[in-house]
Amino acid sequence: MSDITTGGTGADASATGTTATDAEAIVRAAYHAAEGSVLDVEGFKALFAEDGVFNNVVPGESYRGEHLGDLVVFMGQLAPDIHRELRRFHVMGNIVAVELSIQGTVTGPFPTPAGVLPPNGAKLDIPTADFWYIEDGKIKEFNCYVGVSVMLAQLGVQPDFAGAVAASATASASGS
């Protein structure tokens, strides 16, 4: 980890009773639980409030309840050595913003709409921004913005612009 910044005073940050120090510790515990060398899915889920939500914003996915750990499991299966390199860490009361890279080696399958991409040993280094909202010592909301286009390129998946143009032309010709 590098370039760590903590804002706030560590005093009571809001009416939630969570201090900046508490918020930082909770978020760091979540990252630790999701590391490939640890992969404590139940521990990750236990950090969330009962009505907490994990939003994987770019693809438009939300996880709640028993599914809070689904993406942690998926990433652990895709790259068992998964690691989050925390680049910048900012605590503003009960809000924690983190710039990071999700890193690992693809040794597991990657399902796509066209079929399953087999393990290819690709090295992942995916730029990501995370925003965590803490209430009463629990994660109320976690919004993760993953550089999906970078991840797909690192997996060897290239955009099909010709197919998109052809589909658009076909749709226009049929009046859709």
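Leaving aside neighbours within four places in sequence, N56 is in contact (heavy atoms within 4.5 Å) with E61, Y63, L71, C144 and V146. The model is predicted: local features need pLDDT of at least 70, side-chain atom pairs count only at pLDDT 80 or more, and totals for chains, interfaces and linings use all residues. Residues are numbered from 1 along each chain as its sequence is written, and side-chain values use heavy atoms, with hydrogens and water left out.

- N56 belongs to strand β1 (strands are DSSP E runs of at least two residues, helices H or I runs of at least four, numbered from the N terminus).
- N56 counts as buried, at 7% relative accessibility (buried is under 20% relative accessible area, exposed over 50%, partly exposed in between, with a 1.4 Å probe and protein chains only).
- β1 (residues 48–56) and β2 (residues 61–64) run antiparallel and are joined by four bridges (strands pair if DSSP finds at least two bridges between them).
- F54 has Y63 in β2 as its bridge partner.
- Four residues lie between the strands of this hairpin, where G60 takes a positive phi near 75°.

**Helix α1**
- The buried residues of α1 include A20, A23, E24, I26 and V27.
- Among the elements covering the buried residues of α1 are α2 (41–46), β3 (83–92) and β8 (138–146).

**Helix α5**
- T170 is in helix α5 (residues 161–173) and is exposed, with a relative accessible area of 55%.
- A polar atom of the T170 side chain lies 2.9 Å from the backbone oxygen of A166.

Key: Polar contact = N/O pair within 3.5 Å; in protein donor to acceptor, adjacent residues only side chain to side chain.
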